[in-house]
Amino acid sequence: MDDAAFGPDEHPTCGGCPVCLVLDALEGSRPEVAGHLRAAARELGLALRAAVEGMPAAEPAPSAGLERIDLDDGDADTAR
């Protein structure tokens, strides 16, 4: 998109992703609606962060040790 085609208060949107669809829907709405949505998005982000930080850390699966995997086929030794 060419940003030069837009004025200082206009922002380009792709029109297809959910974020751009919401931005397009908010176009021309009252400013307090956008303020409430920003506050709600912030609170949702904080709640998700608290939920993730409160989760117990996953323990790695126990390893059975190292295993050698021969990637050469049996004919490679005879070619040397």
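These are my notebook entries on a predicted model of a single protein chain.

**Entry 1: confidence**

I began with the confidence scores, since the model is predicted. The protein chain averages a pLDDT of 75, and 74% of its residues score at least 70. I then went through the elements of the chain and found the highest mean pLDDT, 87, in α2, while α3 has the lowest, at 53. I keep that value for α3 in mind when I read the model at that element.

**Entry 2: fold and surface**

Next I looked up the secondary structure, and I noted three helices and zero strands in the protein chain, which reads α-α-α along the sequence. For burial, I found that 1% of the 80 residues of the protein chain count as buried. The chain exposes about 7,600 Å², and carbon and sulfur atoms supply 59% of that area.

**Entry 3: salt bridges**

How many salt bridges does the rule give? I counted three, and I took them one by one.

In one of them, E32 pairs with R30, and the closest N and O atoms are 2.9 Å apart. I looked up the accessibility of both partners: R30 counts as exposed because its relative accessibility is 55%, and the cut-off is over 50%. E32, with a relative accessible area of 39%, is partly exposed.

Another joins R42 to E43, with 3.5 Å between the closest N and O atoms. Here R42 has a relative accessibility of 54% and therefore counts as exposed, whereas E43, at 48%, is partly exposed. I wrote down the cut-off for this pair as well, because a residue has to be over 50% to count as exposed, and E43 is at 48%.

In the remaining pair, the side chains of R49 and E53 meet at 3.3 Å, N to O. Where do R49 and E53 lie? Both are in helix α2, four residues apart, which I noted as about one turn of the helix. R49 is exposed, and E53 is exposed too. Helix α2, which holds this pair, is the element with the highest mean pLDDT in the chain.

**Entry 4: D70 in the loop**

I finished with D70, which I located in the loop between α2 (31–54) and α3 (76–79). Is D70 buried or exposed? Its relative accessibility is 56%, so D70 counts as exposed. I also checked what the side chain of D70 contacts, and I found that one of its polar atoms lies 3.4 Å from the backbone nitrogen of D72. My note for D70 therefore reads as an exposed residue, at 56% relative accessibility, whose side chain has a polar atom 3.4 Å from the backbone nitrogen of D72.

Notes:
Residues are numbered from 1 along each chain as its sequence is written. Side-chain values use heavy atoms; hydrogens and water are left out. Helices (H or I, at least four residues) and strands (E, at least two) are DSSP runs, numbered from the N terminus. Buried means under 20% relative accessible area, exposed over 50%, partly exposed in between (1.4 Å probe, protein chains only). A polar contact is a pair of N or O atoms within 3.5 Å; within protein, one must be able to donate a hydrogen and the other to accept it, and residues adjacent in sequence count only if both atoms are side-chain atoms. A salt bridge is a side-chain nitrogen of Lys or Arg within 4 Å of a carboxyl oxygen of Asp or Glu. pLDDT is the predictor's confidence in each residue, from 0 to 100. Accessible areas come from the Shrake-Rupley method with a 1.4 Å probe; for residues, only the protein chains shown count as cover.
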